[in-house]
Amino acid sequence: MDPAGVTPFAFNITSTDGAARTGRVTTAHGAFATPAFMPVGTAATVKAMSAADVAATGADIVLANTYHLMLRPGAERIGRLGGLHRFMNWPGPILTDSGGFQVMSLAKLRTLSDHGVIFQSHIDGATYDLTPERSVEIQHLLDADISMVLDECPSALATKKYLKDSLELTTRWAKRCKEEKEKLSGKNKRLSKSLLFAIVQGGTNSKLRAISAQQLIDIGFDGYALGGLAVGEPVKDMLKTLDAAVPHLPQDKPRYLMGVGYPEQIAEAVKRGIDMFDCVLPTRNARHGVIFANLKVSKTLKVSYNTIRIKQTKFAKDTKPLDPTCQCPTCQNYSRGYIRHLFSTQEPLALRLATIHNVHFYLELMKQIRNNI
Ligand SMILES: [Zn+2]
């Protein structure tokens, strides 16, 4: 602790096994263990769960989406309401994305230039101007512990020429994000405690990934993410890209693979040196009644599990919990027969109980991965 009582940012690696490592990232709102999974709290809520539910699953960091929050209720309003931690009653670490990915995937009528991206809201058609500087300002208003730079995330089908131009744009934007953060930090002590991660792009091209990583390392960030993966490319190409890209990233900074993925993909990425993950799979699947069960993680980080579709008639008389091997609050207290009934009568509690279980499954996955490193 420094004299002002501020805990300085730290990433401590606690053990390693090949390229895999366990560690601890300390933020202004507490620490989290890595490899970490961040449940996705799109609109300042992990869908169907209260903050207390999220904590009960074992999560110690959540992600929130800048794009959704800048449209509704607006970053300035969240700022006036005390920032995201108070707004959503989540006292722990929060990572926000930059808004870039969802502008590309959800917004209408985008105009992309060096300046930034001008787009129309998919909700009401209102026009927004998202620049690197504004993205940092928004994430500051949200009071994010970890902010992401604004980047362009090209599609899996982009040409090499497009990927190259795009990663150069992402580098220029990253530099502007860092400059803006330094400017705002001079005026605001709280912001000086937040972290800024850069995003390595370059599609599945190994050379472009190396170029992107080096350009960003030359600017210098608190952590490095790999973006533009899990956007439709084959899994083997994604893993090949990790093999090529991760060795270019600094050992002593957290590495974050954005938007990935299935449990076995997470384990394969951890083996290649990734520390942080987020994905909507556990929450989205839960809301569709698709339940992860019977997790096993071997010493070599081989993951096995199966999924059940709880809406199926065969579960109507089943007295067992969703997953007999699970210690989550749902499995300790409710039967498959009951949860199947909640889904078939469209009771909102179905979504909550299923989500608690699936998120707990992912956090248990991370715990077992950490225990085996
Ligand atoms: Zn459970």
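The following exercises, each with a worked solution, concern a predicted model of a protein.

**Exercise 1. Overall form**

Task: Decide whether the radius of gyration of the protein agrees or disagrees with that of a compact globule.

Solution: 
1. The protein has 373 residues, and a compact globule of that length would have a radius of gyration near 21 Å.
2. The value for the protein is 20 Å, so the two agree.
3. Along the principal axes, the C-alpha atoms occupy a box of roughly 60 × 50 × 45 Å.
4. Buried residues make up 54% of the 373.
5. Take the contacts between residues at least 6 apart in sequence: 64% of them join residues at least 24 apart.
6. The accessible surface is about 15,900 Å², and carbon and sulfur atoms account for 52% of that area.
7. The secondary structure consists of 15 helices and 17 strands.

**Exercise 2. An aromatic pair**

Task: Classify the pair of rings formed by Tyr305 and Phe361, and state which parts of the chain the pair ties together.

Solution: 
1. The whole structure contains 10 aromatic pairs, and Tyr305 with Phe361 is one of them.
2. Two numbers are needed, since a pair of aromatic rings is described by the distance of the centres and the angle of the planes.
3. For Tyr305 and Phe361 the centres are 6.0 Å apart and the planes make an angle of 70°. Planes over 60 degrees apart count as edge-to-face, and this pair is edge-to-face.
4. Tyr305 belongs to strand β17 (residues 303–309) and Phe361 to helix α15 (residues 348–371), so the pair links parts of the chain 56 residues apart in sequence.
5. Tyr305 is partly exposed at 24% relative accessibility, whereas Phe361 is buried at 3%.
6. Both rings belong to one aromatic cluster, together with Phe37, Phe292 and Tyr362.

**Exercise 3. Helix α14**

Task: List the buried residues of helix α14 and name the elements they pack against.

Solution: 
1. Helix α14 spans residues 336–344, and its buried residues are Arg336, Gly337, Ile339, Arg340, Leu342 and Phe343.
2. An α-helix has 3.6 residues a turn, so residues three or four places apart point the same way.
3. The packing partners of the buried residues are α12 (281–287), β17, α13 (329–333) and α15.
4. Just after α14, Gln346 has a positive phi of about 55°.

**Exercise 4. Backbone features in loops**

Task: Locate the cis peptide bond from Thr34 to Pro35 and the one from Val260 to Gly261, then examine phi of Ala48 and of Asp143.

Solution: 
1. Omega is near -5° for the bond from Thr34 to Pro35. Pro35 sits in the loop between β3 (30–34) and β4 (36–38).
2. Omega is near 0° for the bond from Val260 to Gly261. Gly261 sits in the loop between β14 (255–257) and α11 (263–271).
3. Ala48, a residue other than glycine, has a positive phi, near 80°. Its loop joins β5 (40–41) to α1 (51–56), and Ala48 is partly exposed at 35% relative accessibility.
4. Asp143 also has a positive phi, near 70°. Its loop lies between α6 (132–142) and β11 (146–148), and Asp143 is buried, with a relative accessible area of 12%.

**Exercise 5. Thr14**

Task: State whether Thr14 is buried or exposed and which residues Thr14 touches.

Solution: 
1. Thr14 is part of strand β1 (residues 10–17).
2. The cut-off for exposed is over 50%, so Thr14, at 57% relative accessibility, counts as exposed.
3. Leaving aside residues up to four places away in sequence, Thr14 touches Thr22 and Gly23.
4. The C-alpha atom of Thr14 is 28 Å from that of Asp143, a residue 129 places away along the chain.

Technical notes:
Residues numbered from 1 in each chain as written. Predicted model: local features only at pLDDT ≥ 70, side-chain atom pairs only at ≥ 80, totals over all residues. Heavy atoms only, no water. Helix = DSSP H or I, 4+ residues; strand = E, 2+ residues; numbered from the N terminus. Rg over C-alpha atoms; globule rule 2.2 N^0.38 Å. Buried < 20%, exposed > 50% of the residue type's maximum accessible area, 1.4 Å probe, protein only. Contact = heavy atoms within 4.5 Å. Areas by Shrake-Rupley, 256 points an atom, 1.4 Å probe, with all protein chains shown as cover. Phe/Tyr/Trp six-rings, centres within 6.5 Å; stacked < 30°, edge-to-face > 60°.
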